[in-house]
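Open the model in your viewer and keep the selection panel at hand.

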Amino acid sequence: MRGIYTPVTDLRRRLLMETVQFIIEGKDPSEIESLPFNIIEMGKPAYRCCSYRELSIVKQRLRLAFGLPLIEERENMPVSRGIERAFTSEKIIDVPLVNVIRAACEKCPEDEVIVTDKCQSCMAHPCSIVCPRNAITFPEGKAHIDQDKCIKCMKCVQVCPYSAITRMVRPCAEACGVGAIDSDEEGFARIDQKVCVSCGLCTVSCPFGAISDKSEIVQVTFSLLEHDENPLGQKLYAIVAPSFTGQFGNKVTPEMIFEGIGKLGFDRVMEVAYGADCDTVLLAGTYSAGHGDFLGTSCCPSWVMAARASFPDLAENITDSYTPMVETAKKIKETDADAKIIFIGPCIAKKYEALTEEVSEYIDHVLTFEELAALFVAFGIDLMSITDGHPINDASALGRGYANAGGVGDAIIKTVENRFGISDIQFERADTLADCLEMLKRIKKGETSPNLVEGMACPGGCVGGPGTLASPGTASRQVTRFAEAGVLKDNV
Amino acid sequence: MGEHQQKEAKMHVSVCMGTNCTFRGASQLMETLRAEEGIKDHCIIEEMSCPDELCDHSRRSPVVKIDDDYVMQAKPEAILDEVYKRIRDNREP
């Protein structure tokens, strides 16, 4: 539902803004109990059946916004328990990153094939005839499916002349490309954290906003406030993913966005497309030096984790070089070893990547574009009123193109051709984890033998990430536009 | 008879497209207003820049101005209701 402003979006944004405001106003942790009442009004439920339920849900959402784990309802602890731990500029966030807020979960009907009112009790009743398990009868005229017999082959769905039979799915489970979501004993959605790859697509698929990720927005706010009081201390760097370009509407240029980020208090703002350029050259070199079955890209952490879990042998072909995010951070640390680096992107999976041992020494915090927007609002920065944009020239068109599906592969192919004269590269790519795993299945079966493989967890690539503000289509066009404006230099 | 031939002055409906208001769905509100056939001939629908933090850090966003009057926490239904009301009021002075 990216690009569509729903009451779920509204609640999430109000919550982020109020959280940041709370910190900016210097309120004491003990005052946290008052914060939900900036968002909901007792007696006037705006989103749910009653304000008591809204209050429960908002309290849990606040815990995630502060970077803390949910309170298990059974534990009978006040939601403010341990909240002081979040009042810091240090990193506190930890797994699990993506959480189901049970109080918000509506226990949507699960995977079931059902007959709707469109059924006309027709004379032909082809549904019952095509059913391989005799699961369809007509007790009261209309078709009825015996759920114990039904194997969900969908033959009845396809044959009904009225399209009266349909499959009910839980949006969250359907969005999950690795099958990590099922139901607990009470029927609430449950994420198997051993299977979850933190792509976060479920968070933007639940129409009740019952699944949410943890945020570092509080710790970043403290970092900005502390830096403001001590500008000569540790320097703050913002590194921005290439999918940023159209995120704030087509009247807000990339230069205006960088200027706005600078106004928040960052000492330097840099494109992660720089790191993408580094990776392109590295991977082109690896490719030309010869490799196993194929060379697989690694910039999407969810793709990498999903591939390793389901196809461990094939996943050996995925490069283990650093991602563009880390390459960019490494460059900064070359000249400023004490730098505090905050990655801003479309991604929840990067929050996971930043927790890994290898990456945590380079990246301090990860924010999504939506969280960045909340910072602009709370700190009073109006991007539209910026007249002098911050010039951006850290990267080439190839690096900037990483944000669209196919962009990584395209960059590597062009570079391999230019630098090593190798052409006719068999390239296969997929976006969404379900399609990525299908692609690996085909490769394993030998149905296809690519030389280069690109996997992306989000639809359309990074522009379709769960942390984005704009619709993927619009964002994709803006990415291409900004890339074309970049100088296609022989990178790095 | 000459009065009826006189064109009624068009209403100015301005939607703030500053960062705070777009954060709270101003673009979508704008599209909804532009899509409403019934008001097309009576209104000029425009974008406006942030009228100096009237919105209290987006708490009262989106901000819409109908002629000289500000409407805070603007919802499409409320704006359309108000516009239709003014169109009716203009017809029956």
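Helices here are DSSP runs of H or I with at least four residues, numbered from the N terminus. Keep in mind that this is a predicted model.

**Stop 1: the interface.** Select chain A and chain B. The contact draws 22 residues from chain A and 15 residues from chain B. Together the two chains bury about 1500 Å², with 50% of it on carbon and sulfur atoms. Three salt bridges cross the interface of chain A and chain B. On the side of chain A that touches chain B, α1 (7-24) and α14 (369-378) of chain A each give two or more residues. That side divides into 11 nonpolar, three polar and eight charged residues.

**Stop 2: the largest pocket.** Its volume is about 1000 Å³. Select Gly3(A), Gly249(A), Leu469(A), Ala470(A) and Ser27(B), the closest to its centre of the 42 lining residues. Now colour α3(B), which gives the most to this lining, with five residues. The lining has 17 nonpolar, 17 polar and eight charged residues.

**Stop 3: the second largest pocket.** This one has a volume of about 750 Å³. Of its 30 lining residues, Tyr5(A), Asp10(A), Tyr47(A), Arg24(B) and Lys75(B) are the closest to the centre. Which helices supply at least two residues each of the lining? Select α1 of chain A and α3 of chain B. α1(A) gives the most, with five residues. By class, the lining splits into 12 nonpolar, nine polar and nine charged residues.

Terms used:
Residues numbered from 1 in each chain as written. Chains lettered and ligands numbered in written order. Predicted model: local features only at pLDDT ≥ 70, side-chain atom pairs only at ≥ 80, totals over all residues. Heavy atoms only, no water. Contact = heavy atoms within 4.5 Å. Buried area = accessible area lost by both parts, 1.4 Å probe. Salt bridge = Lys/Arg side-chain N within 4 Å of Asp/Glu carboxyl O. Nonpolar A, V, L, I, M, F, W, Y, C, P; charged D, E, K, R; others polar. 1 Å grid on protein atoms, 1.4 Å probe; cavity = no way out; pocket = protein on both sides within 12 Å on 5 of 7 lines; lining within 4 Å. Points joined across faces, edges and corners; volume = space filled by probe spheres on them.
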